[in-house]
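The notes follow the order in which I looked things up.

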Amino acid sequence: MNLSYDVVTAGQYLHESVAEVTIHSWDLARALGTDERLPEVLVEAAWTVFEPQQATLEASGLYASIVPVPADASLQTRLLALTGRDDRIPAL
C-alpha cells in the first residue's frame, strides 16, 4: 500500500490502523465517562506500533508531547503517555 510516508504491506497498514483505533477508543471512553480499560492484547499490539516511533510521533505534531510516567507504570499507561495522554489525571 502506498501511504503518504511509506509503502507498507496490507498487514502493516492494518496493524497501524488497529493501533490508532485502540488509542481513540480510550479517548472516546474518557469523553463518555465509561470504562477506560483497553484489552491487553490491543494495548500490546498498539505498543509494538507506537513505541519504535517515539521520536517520529512527537516530531510529527499529530500527538501531544510524551507524558513522563514511572518505568513501572502499566503498559496501557505507558502507551497512552507515548501518545500524549495521561490516564492518571481524573476525567472531567
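This is a predicted model: local features need pLDDT of at least 70, side-chain atom pairs count only at pLDDT 80 or more; totals for chains, interfaces and linings use all residues.

I noted the crossing of α2 and α4 as left-handed.

Next I listed the residues at this contact. From α2 (40–50) they are E40, V43, E44, A46, W47 and F50. On the α4 side I found L75, Q76, R78, L79 and L82.

I then turned to α4 (75–82) itself. How many of its eight residues are buried? I found seven, so described because each has under 20% relative accessible area. They are L75, Q76, T77, L79, L80, A81 and L82. These buried residues pack against α1, α2 and α3 (54–60). After α4 comes G84, with a positive phi near 80°.

α1 contributes H15, E16, V18, A19, E20, T22 and I23 to the contact, and α2 contributes L42, A45, A46, T48, V49 and F50.

I checked α1 on its own as well. The helix runs over residues 10–32, 23 residues in total, and spans 32 Å from first C-alpha to last, close to the expected 33 Å. Which of its residues are buried? I found A19, T22, I23, W26, A29 and R30. In an α-helix, residues three or four places apart point the same way, because there are 3.6 residues a turn. The buried residues of α1 pack against α2 and α4. G33 follows α1, and its phi is positive, near 75°.

Last, I looked at the largest nonpolar core, which has 15 residues. Which members touch the most other members? They are F50 and L79. The elements giving two or more residues to this core are α1, α2 and α4, and α2 gives the most, with five. In soluble globular proteins, nonpolar side chains tend to be buried together.

Leaving out residues up to four places away in sequence, F50 touches A19, E20, I23, L57, Y63, L79, L82 and T83. I also have F50 down at both helix contacts: with α4 and with α1.

Terms used: Residues are numbered from 1 along each chain as its sequence is written. Side-chain values use heavy atoms; hydrogens and water are left out. Helices (H or I, at least four residues) and strands (E, at least two) are DSSP runs, numbered from the N terminus. The expected span of a helix is 1.5 Å times one less than its number of residues. Buried means under 20% relative accessible area, exposed over 50%, partly exposed in between (1.4 Å probe, protein chains only). Contact means heavy atoms within 4.5 Å. A nonpolar core is a set of buried Ala, Val, Leu, Ile, Met, Phe, Trp, Tyr and Cys residues joined through side-chain atoms within 4.5 Å. A crossing is left-handed if the near helix is turned anticlockwise from the far one by less than a right angle, and right-handed if clockwise.
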